[in-house]
Amino acid sequence: ITKLAGWEPSFKEKLAQIRDQEIQAMTAQRKISAIFTTMLVSQPVFMAVATFSTYAALGNEMEAATVVTALALLQQLRFPIAFLPFILIQLGNLKISLDRMARFLLNPELPTRATHPDLVTAHDDPVGIPTGKQPVVEVTKMSAEGAAEQLPLEGV
């Protein structure tokens, strides 16, 4: 239908605009992902330094038993804390997907009857099927019982 109606250039321009927006979004996402990966690698060292610096700044003495215990606990927390940036990335992906689905689902419904343009004349009824002419496309609606109901396509 796109080729027949000569809509190729307008569809191509619209697709190019959408692709440019998606590339910009993907580039931003990749940059954030690179930052998060760097944080993942350096996070254990920074977390230990921050913990022990805070502990010492509060006036506590660093004893071997305290340091070893704290390092063991920090080691156990490393894995859950490391995945926090990836969870944030996936939440961003979820938002993008939900926005796309919402935009698609909120589009107006297509008409249910389509007739060939050559079959319609200026004297035909603009609302209904032209007298003596059959619709080109029929949509079938299936009910829960399995019975098919013919739905004529209108206004396509």
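Which residues does Q43 touch, not counting residues up to four places away in sequence? The partners are R78, I81 and A82, where touching, or contact, means heavy atoms within 4.5 Å.

The structure is a predicted model, in which local features need pLDDT of at least 70 and side-chain atom pairs count only at pLDDT 80 or more, while totals for chains, interfaces and linings use all residues. Residues are numbered from 1 along each chain as its sequence is written, and side-chain values use heavy atoms, with hydrogens and water left out.

The protein contains four helices and two strands, and along the sequence these follow the pattern α-α-α-α-β-β. Helices (H or I, at least four residues) and strands (E, at least two) are DSSP runs, numbered from the N terminus. Of the 156 residues, 11% count as buried; buried means under 20% relative accessible area, exposed means over 50%, and partly exposed lies in between, with a 1.4 Å probe and protein chains only. The accessible surface comes to about 12900 Å², and carbon and sulfur atoms hold 66% of that area. These areas come from the Shrake-Rupley method with a 1.4 Å probe, and for residues only the protein chains shown count as cover. Among contacts in the protein with a separation of 6 or more, 43% are between residues 24 or more positions apart.

The expected span of a helix is 1.5 Å times one less than its number of residues. The helix bends by about 55 degrees at S42, and a proline, P44, follows within four residues. The bend at a residue is the angle between axes fitted to the seven residues ending there and the seven starting there. Just after α2, G59 takes a positive phi of about 90 degrees.

S42, the residue at this bend, counts as partly exposed because its relative accessibility is 21%. Its side chain reaches the backbone oxygen of T38 at 2.9 Å, a polar contact, that is, a pair of N or O atoms within 3.5 Å; within protein, one must be able to donate a hydrogen and the other to accept it, and residues adjacent in sequence count only if both atoms are side-chain atoms. S42 and A82 are 40 residues apart in sequence, and their C-alpha atoms are 9.9 Å apart in space. Q43, also in helix α2, has 12% relative accessibility and therefore counts as buried.

The buried residues of α2 are S33, F36, Q43, M47, A48 and F52, and they pack against α3 and α4. In helix α3 (residues 64-82), the 19 residues should span 27 Å at 1.5 Å a residue, and the end C-alpha atoms are 26 Å apart, which agrees. This helix bends too, by about 30 degrees at Q76, with a proline, P80, following within four residues.

How many residues make up the largest nonpolar core? There are five: M47, A48, F52, A70 and L74. A nonpolar core is a set of buried Ala, Val, Leu, Ile, Met, Phe, Trp, Tyr and Cys residues joined through side-chain atoms within 4.5 Å. Both α2 and α3 give two or more residues to this core, and the largest share, three residues, comes from α2. In soluble globular proteins, nonpolar side chains tend to be buried together.

M47 is buried, with a relative accessible area of 17%, and is in contact with L74 and I81, leaving aside neighbours within four places in sequence. A48 is buried at a relative accessible area of 15% and touches L71 and L74, not counting residues up to four places away. The C-alpha atoms of A48 and Q75, 27 residues apart along the chain, are 9.2 Å from each other. F52, with neighbours within four places in sequence set aside, is in contact with M62, V67, A70 and L71.
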